[in-house]
Amino acid sequence: MVKKRGFNLIDTAAQIRDTVAAAEASWPENLKIAVDVGTSNDQSRNVASMVSQLEGSVLTAIALVMIVVLASLGARSALLVGFAIPTSFLLTFALLAIMDVAVSNIVMFGLILAVGMLVDGAIVVVEYADKRIQEGTGPMHAYVEAAKRMFWPIVSSTATTLCAFLPMLFWPGVAGQFMGMLPVTLIFVLTASLVVALIYLPVMGGVSGRMTRSFNRASDRLRRRLPLYARAALIVPAILITYVGAMLTLNPAYLTGAALQTDGLVASLPGLVVFILGAIGLTIAMGAAKTERPATTINAGYRRSPFGWVIHAIAGNPVMPLVSIGAVGVLVATIFMYYADHNKGTEFFTMTEPEQAIVYVQARGNLSLEEKDALVREAEQATLGVAGIKSVFSFAGAGGLNQNTAGASGPGDTIGQIQLELVPWEDRAAFARENGLDQSSLGGNAVMAALQAKLDQIPGIKTQTLSLAMGPGSTKPIHLRLKGDDFDLLRQTTADIRSQIEAMDGIILVEDTLPLPGIDWQLTVDVAKAGRFGADVASVGSMVQLVTRGVMLDTMRVESSEEEIEIRVRLPEEDRVLSTLDSLKVRTPSGMVPLSNFVTREPVPQLAQISRVDQTRYFDIQAGAATGLVKLADTETGAIRVLPETDIDADLQSEIDSGALTRTVVNANERIEAITAWLDTPGTLPAGIGYSWQGDFADQAESIVFLQVAFAGALGLMFIILLAQFNSFYNSVLVLLAVILSTAGVLVGMIVMDQTFSIIMTGTGIVALAGIVVNNNIVLIDTYQEYRQYMPRTEAITRTAEDRIRPVLLTTITTMAGLAPMMFGLSLDFINGGYSIDSPTALWWKQLATAVVFGLGIATFLTLIFTPSMLAVRVWVTTYARWIAQLLAKASMGRSSRAARDWALAREAKRVKSPEIVWSDLIEPAPQRKIPPLRAAE
């Protein structure tokens, strides 16, 4: 059964199962016993499992972000930032509904990626307002001031992030269709977060000021009446109530132990009320348990933080900025060089855990349908004996079910198909316990390997096993197309190259589109003889069609089909044989004349079909790449060995470490490079024969070109926005330099997590990082431009680093925390309890999450050193240039010139000491008048 477009797959499958169950219930008992009803290849289960795991990942990301914000900003600010998440999601779903966009796994991951990003603007506003409130400003004024002061930095940072995703809307090809909804979702979420940060939060922050004072008064009463240990003990039940409320919001039957996913606001309302009451109680309890520090003596002078001393040591002299910039440059260059020697290669799309597969059974010869069925049945019996396979569907002859194999068709000599479904990933642990098996043996790749080993023992057939495609990548990534006009030469060259490719290590499942050996019967009409009998070629063709497909008379429409049905006339089935042509007669003006009078037939080699592209004939060769292999190349002799990665012993590893051997992971891209080098060798291909790569490699090349253009376009759009904000070419370029630092961080993540560089996933992560990492530089440089207006520029650099390190680290940590579970493949089940690691869904996104987490983390660390150093370099260069200019002016104009007098006045002004204010703790403090509490509007 196939779902119609625009309907929910999960609901449709549930209705089908209910309908089948209702029909089965009405059967007589004998029929129920005789017929076993079940389902196979149910895609709704995969979709439901995927959505459930992604929901858990979204909730896990939200929880981690809230923990980080709560630990950094306190309960009230954390709640304000926390409310920004559901509000932004609500606006996003509204926009998706308006655009008629269905919620898919790509949309769900977009929400996960956006969880840590959408709170960035809210954190900046809340952090600045919290700082102003601590200085004595009223909550309403503080949040209004924060919205005004941070308006342009937030708008610029959000706009630059959007610039990274805007070019991705135009991603062409299959990869673009697969990833198309990711930039759409992120654009919607970030736009909604901008509205929330600048409109919703200031209003909520001002209103919450009055509530905060009520909570503080309640905390003060508890502080006066209860001892410290009792106040601290109140935090535990408050946390439990808050947790229970959150669980009841997600699962209304949480207290009864059942798993019931909420179906709306009404079902979640009791849990929401409990959560709000628990949050209020937690805020009061934490306020009551807070200890007040004793008053300390006021010391004169400005006290720097430890990080401030580090930045002051860098920016306070002309040498350290150059040293810091050089150190960062050397580190980045070292990362790039190390990755070039120790990477795991590249791949088009992520390899995931297979859960469904199709087996093509191949055999050659003039086999009857019964003979084909016997061979397929033998392969089916072998398949049923493999542990870990849940259901099997076999089909002998031409046809079969429609299977998602990324457009790959079966080999030409296929006599049948076996479509199988493995034990679902989430059920494998229970299945292993029930059957006494090792759970590792139930992995998709392990089951496929065991199945193929068993099928290879069956004589008389060949088999190819293709896993269900879980993304834009095809099942056979090596796809070579040979082109030429000489058909015989092209056929011979294709056969020779296939033999060479089959002999290469690491290449499996080789097939081609050469015509299969066979015989066709060629009918030759003697036109001269036919003319003497008064027959024509059209009449002869019509009589031959009576033996084959039949003569089409007309078409008709029926209610059961949307297309017209052909009406054909054929001979009875027993007469549709080749010998009938000898006795078949054609009507002529001279009467009925046997066809054998002027028609001869002879056997010729079967041609099957001739394929052309751009008016040139071609044949294709397709193959897969084995996994777990590495290539070792001797740096002196150039000798190459391909062996399993597990065979690398201590001696080989020492040679690799010393540089005597180079180690390369064998995958599809590496094998394509080896084949390309062989094909480009002079004399390999005869004259008139050319080649091109199709399939994954062509899509990969298209995606690489697009991502490079998108990356450059994103940087160009960002530069325009930054130039409009800072009005400085230097500062705009400085912000964009963080992109290079983030790329180095991505490569570190690939090495640490031992991952292959995915063109789609890792490439998307790099483009996304281009819009994320610049936010930290925007915040730093915007604050620096404000501070330098009324303080020395080197001091402005230090103060900027001190004041902005908290929002910079908060926005970075929240984004990293939101994606950290997906990077480790962790997904918590908030409905049924438990967790999962490296589920098939999580494997999709590990490389993208790793790229963002490591790229953002390392880029932020380096930015906090690199950006102040670059600002300091500009300060010291302009300072020395001014000094040199003044010295030249003084030397050229004499001591009585204006330049000389200004120089002398500036030197004398530096010798005047600033007055000192001495505070004494012996002086009686002045009586303090009672200050009334602030109103919310203040």
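**Terms and their grounds**

Tutor: Helix α17 (residues 444-455) lies across β2 (356-362), β3, β4 and β5, and runs at about 170° to β5. The model is a predicted one.

Student: What is the order of the strands in the open sheet of four strands, and what is their pairing?

Tutor: The order is β3-β4-β2-β5, and the pairing is antiparallel.

Student: Why are β3 (389-396) and β5 (462-467) called edge strands?

Tutor: Each of them pairs on one side only.

Student: Why is D413 called buried?

Tutor: The term applies under 20% relative accessible area. D413 has 10% relative accessibility, so it counts as buried. D413 is found in the loop between β3 and β4. Its contacts, leaving aside neighbours within four places in sequence, are V361, Q362, A363, R364 and L516.

Student: What makes D485 exposed?

Tutor: Exposed means over 50% relative accessible area. The value for D485 is 59%, and therefore D485 is exposed. This residue is in the loop between β6 (478-484) and α18 (487-502). Not counting residues up to four places away in sequence, D485 touches Q615, T616, R617 and G688. The C-alpha atoms of D485 and T616 are 6.0 Å apart in space, while the two residues are 131 residues apart in sequence.

Student: Why does N667 count as buried?

Tutor: N667 has a relative accessible area of 15%, so it falls under the 20% limit and is buried. N667 is placed in the loop between β18 (661-665) and α23 (668-679). Residues up to four places away in sequence aside, N667 touches K344, G345, T346, A625 and T756.

Student: How do you know that helix α28 (residues 793-823) is largely enclosed by the rest of the structure?

Tutor: Of the 31 residues of α28, 22 are buried, so the helix is largely enclosed. At R804 in this helix there is a kink of about 45°, shortly before the proline P807. Just after α28, G825 takes a positive phi of about 75°.

Student: Which residues have the most contacts inside the largest nonpolar core?

Tutor: They are M179, W845 and L848, in a core of 123 residues. Helix α29 (residues 840-893) gives the most to this core, with 19 residues. Leaving aside neighbours within four places in sequence, M179 is in contact with W171, I760, M761, T764, W845 and L848. A second, separate core has 22 residues, including L514, F619, I672 and W693.

Student: How many aromatic pairs are there, and why is the pair of W171 and F706 called stacked?

Tutor: The count is six aromatic pairs. Ring centres must lie within 6.5 Å for a pair, and planes under 30 degrees apart count as stacked. The centres of W171 and F706 are 5.5 Å apart and their planes are at 20°, so this pair is stacked.

Student: What makes this pair a tie between parts of the chain?

Tutor: W171 lies in the loop between α7 (151-165) and α8 (173-179), and F706 lies in helix α24 (residues 696-726), so the pair ties together parts that are 535 residues apart in sequence. W171, at 7% relative accessibility, counts as buried. F706 also counts as buried, at 11% relative accessibility.

Student: Why is the pair of F719 and F729 called edge-to-face?

Tutor: The term requires planes over 60 degrees apart. For F719 and F729 the angle between the planes is 80°, and the distance is 5.4 Å centre to centre, so the pair is edge-to-face. F719 lies in helix α24 and F729 in helix α25 (residues 729-752), so the parts tied together are 10 residues apart in sequence. At 57% relative accessibility, F729 counts as exposed.

Student: How many helices and strands does the protein have, and what percentage of its residues are buried?

Tutor: The protein has 30 helices and 22 strands. Buried residues make up 44% of its 938 residues.

Conventions. Residues numbered from 1 in each chain as written. Predicted model: local features only at pLDDT ≥ 70, side-chain atom pairs only at ≥ 80, totals over all residues. Heavy atoms only, no water. Helix = DSSP H or I, 4+ residues; strand = E, 2+ residues; numbered from the N terminus. Buried < 20%, exposed > 50% of the residue type's maximum accessible area, 1.4 Å probe, protein only. Contact = heavy atoms within 4.5 Å. Bend = angle between axes of the 7 residues up to and from the residue. Core = buried A, V, L, I, M, F, W, Y, C linked by side-chain atoms within 4.5 Å. Pairing = 2+ DSSP bridges. Axes fitted to C-alpha atoms, helices over the stretch in contact; angles between N-to-C directions.
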